[in-house]
Structure formats: structure tokens, C-alpha cells
Amino acid sequence: MTQSAIFVDAGFLIAVGGTHVAGTSLRSAFRVDYDKLVQGILKRTAEHSGLDVLRVYWYDASKDALFTDEHKRIGLLPDVKVRLGRISYNGEQKGVDLKLGLDLVGVARNRAASVAFLMSGDDDLAEAVEEAQDLGMKVVLVGLDNPNHRLGVTSVAEHLALRVDSIITLPTDLIEECFTKTVAEQPRPTPAVAVLPPAPAPAPAAPSGPRPSDMAARPAPPRGRIILPAPPRQHRSEAHLVYSSGGTGPTILPPEDSPLDVAFEVGESVATNWYGTITQGELIELLADRPILPVEIDRVLLKDCAQRIGEYKTDLQGVRRALREAFWTKLDQLI
């Protein structure tokens with residue numbers, strides 16, 4: 001059959017597009033014009049192959065694999081079929097790559113399309129790509145142009161890039177037209193206080209004379225507000241000694257352009273974008289659990305950092321600590 005099929009890993013596409021426009025993959029930091037985006041993808045792939053399209057397969061994840069309002073709007077677009085995996089308790093997508101790989105091989109086996117355009121960067125799809133190729137299908141990788149990367153595209157695993165038949169890129173103009181940053185340059189002012197309930201009625205007077213425990217006790221903070229001190233921060237121009245989780249010994253990171261410098265930049269960016277999109281209640285809830293971060297924020301920190309320094313370096317414990325420290329430090333400055 002001389003037609004094409006398009007397979008879109010929405011998590012990948014939205015992450016690279018959002019990072020390009022807003023500087024982070026945090027979904028609340030930008031909005032997407034999906035109609036214009038799909039039309040742009042159709043136009044770009046048609047220019048490359050000259051073939052009619054069977055359909056666009058759109059893969060994403062949601063709680064219990066149920067359609068959200070956003071997924072419904074995408075699914076109602078012409079020639080778009082939405083396929084959903086689940087989001088696990090720790091914020092990870094489950095079943096998305098499996099569905100995409102099975103559909104890719106199934107379309108190839110049924111000879112429903114002769115060319116597949118794949119928008120993903122996950123090396124777990126490499127085997128499905130080779131299976132589809134063995135069945136006679138050409139597989140073309142579609143990425144976001146990145147002339148500074150050795151592969152020429154953003155956030156694509158080399159293992160996957162080496163197995164596709166060719167690589168094409170989406171125009172940068174299309175991404176900038178379809179993705180709009182929603183965070184103000186100056187975050188909205190939010191008081192860094194949590195209001196306490198009224199003080200209870202005074203207890204009966206204690207026997208006269210101080211007790212040792214009273215003398216050692218620290219004075220209680222004033223009612224009505226909680227002051228949140230900023231944690232200490234490392235100086236970013238210093239070199240740091242960190243240990244990898246694999247136990248291979250210490251690694252000395254250079255003082256300039258080091259993974260720790262990138263981690264501090266990413267942590268600050270995510271904090272700024274998150275702060276500019278939340279409510280007062282969400283802020284108080286986050287501060288109540290400090291220093292623990294919600295899994296969705298922690299996942300964005302690691303994902304955004306990995307896009308810049310690679311998965312291996314992001315696994316360094318020093319980098320992960322720097323990400324979280326920078327997030328909290330920047331948030332303290334904002335509030």
C-alpha cells in the first residue's frame with residue numbers, strides 16, 4: 001500500500017516543544033495548539049514522502065488510561081487516533097512504548113502503509129523499528145532540529161537514530177507557532193506565610209518557679225505566620241566531588257559548564273515556571289511536605305536536566321541533589 005502512517009509519542013513531542021519555547025517540559029508552563037501542530041506534521045511528512053496518510057497515531061498516558069478533555073479534543077481531529085497508556089503512582093508512563101511498537105509492527109505486517117514517520121526519542125523502540133523494516137516498511141524519524149547536537153535533533157537516543165532509514169526535522173517556526181508560554185516573566189506575588197488557627201485559651205498557671213525544661217526551651221514563633229528560611233546553597237563556580245550511584249568511585253566535575261551548573265539552571269527554571277502557574281493552596285501544600293518534592297516535579301527536574309547533559313550524568317547523586325536544592329532555593333527567592 002503506497003501510503004504513510006504517523007506515530008507520535010506525545011510525551012516526547014510535548015516535552016521537546018515545551019522545552020524549546022518555555023525552557024521546561026512542565027506541561028502547566030505552556031499551552032499547545034494541537035490542531036495546528038497536527039496539520040504541520042501532516043504537511044512536513046507529505047513533503048518528504050509525497051504519500052497520502054493512513055492516519056496519525058497519537059500515544060499519551062493518563063490516569064487509568066481514561067480520556068481527558070485534552071485527549072478528547074485531539075481524538076476528534078481528522079485522521080487522528082489517540083492511544084492511551086497509564087500513569088503510574090510515581091508519575092511514569094506505562095504501556096505507551098508497548099502500544100506504539102505493536103502498532104508499528106502491525107501496520108507493517110498488514111501492509112497498511114509503506115512508510116512510517118516516527119516521532120519519539122526512546123531507544124526501547126529500536127527493536128520494533130527493525131521488525132517493521134524486515135516486513136518491508138521504511139521508518140523515518142521526525143525530530144526537532146538541533147544543529148548543536150551530533151545527531152542533528154533534540155533528545156533522540158543514538159541507539160534509535162542508528163536504526164531508522166532517515167531523519168527529518170520539523171520547522172522551528174511550527175513549534176514556536178504551536179507552543180505558547182503561559183508563565184509570566186515576573187512570577188505573581190504570593191506571600192510566603194501560612195496562617196495558623198487562633199491561639200487556644202491560656203492554660204492554668206503552672207506552679208511558681210522555673211523548670212529546667214522551660215529554661216532550655218526555645219521561644220515559640222509569633223502566631224499568624226511561619227517564616228521559611230532559605231537553605232544554604234553551594235557556590236556554583238566551585239568544582240565538586242560527587243559519587244556515582246554505580247559505586248565506580250569519585251568523579252571530579254570541572255567548575256565551568258559542568259553538570260552541576262546545568263542542574264542549578266534547570267532547578268531554577270522549573271521552580272520559576274511552576275511558581276508562575278500554581279495557586280496559593282498548591283504552594284502551601286508543597287511547603288508542608290518540604291523537603292520532599294511531588295513526583296511530578298521531581299520527574300520534570302530529571303527529564304529537563306537529562307535533555308541537556310544526558311541520562312548517564314543525570315544519574316549522578318550530586319546532580320540530583322543540585323536539582324532539588326536549586327528548586328527550593330529559587331522558590332524561596334520567589335515567595
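This is a predicted model: local features need pLDDT of at least 70, side-chain atom pairs count only at pLDDT 80 or more; totals for chains, interfaces and linings use all residues.
Modeller: Local features need pLDDT of at least 70, side-chain atom pairs count only at pLDDT 80 or more, and totals for chains, interfaces and linings use all residues. Residues are numbered from 1 along each chain as its sequence is written, and side-chain values use heavy atoms, with hydrogens and water left out.

Biologist: What makes Arg27 and Asp60 a salt bridge?

Modeller: The term needs a side-chain nitrogen of Lys or Arg within 4 Å of a carboxyl oxygen of Asp or Glu. Here N to O is 3.4 Å, so the pair qualifies. Arg27 sits in the loop between α1 and β2, Asp60 in strand β3, 33 residues apart.

Biologist: Why is Asp60 called buried?

Modeller: Buried means under 20% relative accessible area, exposed over 50%, partly exposed in between (1.4 Å probe, protein chains only). Asp60 has 2%, so Asp60 counts as buried.

Biologist: And why is Arg27 called partly exposed?

Modeller: Its relative accessibility is 37%, so Arg27 falls in the partly exposed class.

Biologist: What makes Asp103 and Arg83 a salt bridge?

Modeller: Their closest N and O atoms are 3.0 Å apart. Asp103 lies in helix α4 and Arg83 in strand β4, so the pair ties together parts 20 residues apart in sequence. Asp103 is buried at 15%; Arg83 is partly exposed at 26%.

Biologist: Why is Cys305 called buried?

Modeller: Its relative accessibility is 0%, so Cys305 counts as buried. Cys178, at 1%, is also buried.

Methods
Helices (H or I, at least four residues) and strands (E, at least two) are DSSP runs, numbered from the N terminus.
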